[in-house]
There are 2 protein chains.
Amino acid sequence: MKEVAKAAGVSTAVVSRLLSGDKTLRVSAATRERILRIVEALDYTPNVAAQSLRLARSRLIALIVHNVSNPVYAEIVSGAEAAATARDSALLLGEAASLETGSNRLIDLIGAGAIDGLVLQGAGAATDRALAKAVRKRVRTVMLQVETEADSALISLPDQEAAAIATDHLLALGHERTGCLATAPGLRFSQARVAGWRSEMARHGLEAPDSRLVWAGSDLALGRGGVKRLIDQAPEITGIVACNAVAAIGALAGLEDLEIDVPGEVSVIALHDFPLADYVTPALTTVRMPLAEMGAAAVNLICGDADLAKHHVTIDRPAPRIILRRSTARASG
Amino acid sequence: MKEVAKAAGVSTAVVSRLLSGDKTLRVSAATRERILRIVEALDYTPNVAAQSLRLARSRLIALIVHNVSNPVYAEIVSGAEAAATARDSALLLGEAASLETGSNRLIDLIGAGAIDGLVLQGAGAATDRALAKAVRKRVRTVMLQVETEADSALISLPDQEAAAIATDHLLALGHERTGCLATAPGLRFSQARVAGWRSEMARHGLEAPDSRLVWAGSDLALGRGGVKRLIDQAPEITGIVACNAVAAIGALAGLEDLEIDVPGEVSVIALHDFPLADYVTPALTTVRMPLAEMGAAAVNLICGDADLAKHHVTIDRPAPRIILRRSTARASG
DNA sequence: CCGATTTGGTAAATCGTATTACCATTCTTT
DNA sequence: AAAGAATGGTAATACGATTTACCAAATCGG
């Protein structure tokens with residue numbers, strides 16, 4: 001910047017104020033043009049580190065997800081990235097597995113307060129570490145789907161509603177004995193989905209006993225194993241609400257292992273949707289939830305100036321809706 | 001840091017040199033302990049922006065991928081993230097779609113030389129923009145799979161070898177008339193895979209005419225459409241080498257649309273592997289390539305001090321290997 | 001006891017930008 | 001023509017580290 005100022009015969013203050021669009025700066029059209037031409041000619045770009053130092057702001061947002069290879073989380077990442085870009089910020093990505101132990105740069109950046117905001121998906125050691133650091137430096141933090149004691153915001157999805165919609169779909173097809181393949185126990189969203197299933201069953205005067213509920217998780221293997229336990233516990237069921245679509249695909253495989261036909265003998269409907277759900281066999285009927293929008297909302301919340309403490313929003317636009325495919329069918333009985 | 005220095009009764013120079021592990025610093029054990037205790041007590045963390053400014057180094061690496069939701073690219077991201085973390089750097093993630101137009105922070109960071117390195121996957125407007133900025137500021141750049149005129153490194157996969165392995169597998173099963181469902185034309189890796197198919201056919205004295213080749217792409221829809229063109233052009237084929245596993249899954253759907261049984265009438269083997277490939281029907285036989293390792297290698301190359309200009313490496317460990325599933329079977333004829 | 005060496009530090013100059021608080025002129029106005 | 005306002009800027013400081021060059025006091029060898 002010094003060089004630009006010298007070449008233009010002005011002080012660096014003018015250059016800085018001009019480039020940062022200072023409204024109070026009065027400058028003749030001639031010098032303005034001259035400076036801009038020289039900036040162009042010298043190919044000057046402001047030093048980002050100096051700016052961050054001076055402004056105490058980095059326009060960097062960190063997102064820690066459990067696992068990018070899970071299409072559900074990938075969609076969150078995608079939404080967050082798009083929003084960050086739209087907000088003129090860049091996105092730092094971390095995966096839980098690599099951040100759990102040892103010293104590493106991303107956790108350090110959080111601990112140094114060097115980022116403008118932090119978005120945490122999922123619960124675990126990595127998330128806890130990040131959160132602890134963030135709290136100390138008062139980094140604006142948004143939790144996705146799982147709450148915490150810290151003064152961070154919480155963004156959730158209409159979990160209960162979506163589970164109810166899924167359950168209702170099975171009921172409408174005539175399945176009266178439904179089971180629930182839940183995600184990991186103890187998490188808010190997990191409970192909410194189970195509650196959606198239970199309450200919708202209750203609303204129709206049907207029972208939803210614990211024997212028809214299995215806690216599994218959000219990946220293929222857990223879904224595959226979980227569905228076997230579910231069938232074992234409750235062989236009478238003809239419909240399954242799977243609380244996570246990736247697990248549901250595992251469940252389809254598990255049912256095939258058991259030689260149970262889907263949707264002939266058992267219908268399966270899952271929460272969340274992603275492109276490949278249309279390409280498994282049978283194509284998975286799902287209830288789509290606004291995952292990308294959730295990622296985007298988190299970033300927007302950070303970039304906005306709302307007080308994040310105990311701030312809780314639910315992303316209900318677009319509303320959860322059924323993507324009808326082949327894994328659900330009318331009950332045969 | 002000033003506060004720490006004052007509290008310890010020393011100058012900031014000692015604190016800085018102590019914390020950064022300066023070997024030439026001579027301090028008494030007493031002051032060393034005292035300073036460290038005070039750092040702890042005051043919960044001091046060095047200001048990252050100031051360090052970056054002074055050291056002209058940010059320990060930030062940017063990775064731009066076409067699309068995180070594609071499991072093939074997700075695995076690259078995952079590998080890169082792990083390597084960055086291991087190298088004590090953080091990973092900035094960008095998706096092509098959001099970076100193509102308009103001003104945005106990530107491209108600006110590159111243009112300001114504010115990152116230590118840049119990894120580009122795929123070709124397109126976003127990649128071109130990033131590359132142009134990187135060249136001007138001499139940012140260490142690594143291209144994945146597609147080369148460029150710039151002085152950046154290129155990392156590739158054993159594409160030709162993998163395609164040959166896939167082809168060989170079909171030949172071993174007795175398929176003499178094979179087709180190739182290629183990815184986008186004009187890209188190095190795309191050509192290499194086709195070359196692998198062609199040369200392996202030739203090596204067995206079989207023909208591989210252009211009619212049995214279709215250029216598609218790397219997503220579900222392009223695979224689905226592409227396979228239909230392929231069958232249309234060459235209805236005689238009984239085996240398909242799909243150059244991308246995501247496209248291959250689209251192709252399975254396309255074949256089902258055509259009511260062609262896999263593997264009964266046509267066998268399909270694809271390049272690249274990911275968990276869901278085991279869960280489609282029929283489960284997709286693939287040739288696994290070291291995608292995560294490629295992402296990691298890119299980061300390691302950046303963090304190392306090799307001269308990147310015209311540096312070309314192929315990731316051949318672990319070697320491509322067949323993951324045998326159900327989409328390939330012995331030829332019936 | 002004197003000069004040399006070691007010990008244990010320090011002072012000060014960057015790094016590149018943003019911003020506050022001030023001017024000199026020149027132009028109006030009466 | 002003198003006072004007041006507008007024009008077009010400038011000087012200086014702070015942001016928070018790193019690093020080079022230097023130095024006083026203590027120790028040591030002879």
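Colleague: Hi! Through which surface do the copies meet?

Modeller: Through the same surface, because 100% of the interface residues of chain B are also interface residues in chain A. Keep in mind that this is a predicted model.

Colleague: Thanks. How many residues does the contact take from chain B and from chain A?

Modeller: The contact uses 47 residues from chain B and 47 residues from chain A. On chain B, the elements giving two or more residues to the side that touches chain A are H4, helix H5 (71-86), strand S2 (90-95), helix H6 (96-99), helix H7 (105-111) and helix H12 (245-257).

Colleague: Which of them gives the most?

Modeller: H5(B) does, with eight residues on the side of chain B that touches chain A. By class, that side of chain B has 26 nonpolar, 13 polar and eight charged residues.

Colleague: What rotation superposes chain B on chain A?

Modeller: A rotation of 180 degrees, with 0.0 Å of shift along its axis and an RMSD of 0.0 Å. The two copies are therefore related as by a two-fold rotation axis.

Colleague: Now the inside. Which residues have the most contacts in the largest nonpolar core?

Modeller: Those are A:Leu92, A:Leu181, B:Leu92, B:Leu181 and B:Ala242, in a core of 209 residues.

Colleague: What does B:Ala242 touch?

Modeller: Leaving out residues up to four places away in sequence, B:Ala242 touches B:Leu181, B:Gly223, B:Ala247, B:Ala248, B:Ala251, B:Val268, B:Ala270 and B:Leu271.

Colleague: One more topic, helix H10 of chain B. What should its 16 residues span?

Modeller: At 1.5 Å a residue, helix H10 (residues 188-203) of chain B should span 22 Å, and its end C-alpha atoms are 22 Å apart, so the two agree.

Colleague: Which of its residues are buried, and what covers them?

Modeller: The buried residues of H10(B) include B:Phe189, B:Val194, B:Trp197 and B:Met201, as well as B:Arg193, B:Arg198 and B:Glu200. Among the elements of chain B covering the buried residues of H10(B) are helix H9 (159-172), strand S6 (178-182) and strand S8 (239-242).

Colleague: And what follows H10(B)?

Modeller: B:Gly205, with a positive phi near 70 degrees.

Notes. Residues numbered from 1 in each chain as written. Chains lettered and ligands numbered in written order. Predicted model: local features only at pLDDT ≥ 70, side-chain atom pairs only at ≥ 80, totals over all residues. Core = buried A, V, L, I, M, F, W, Y, C linked by C-beta atoms within 7 Å. Buried ≥ 20, exposed ≤ 12 C-beta atoms within 10 Å, placed from the backbone. Contact = placed C-beta atoms within 7 Å. Helix = DSSP H or I, 4+ residues; strand = E, 2+ residues; numbered from the N terminus. Expected span 1.5 Å × (residues − 1). Least-squares fit on C-alpha atoms with pLDDT ≥ 70 in both. Nonpolar A, V, L, I, M, F, W, Y, C, P; charged D, E, K, R; others polar.
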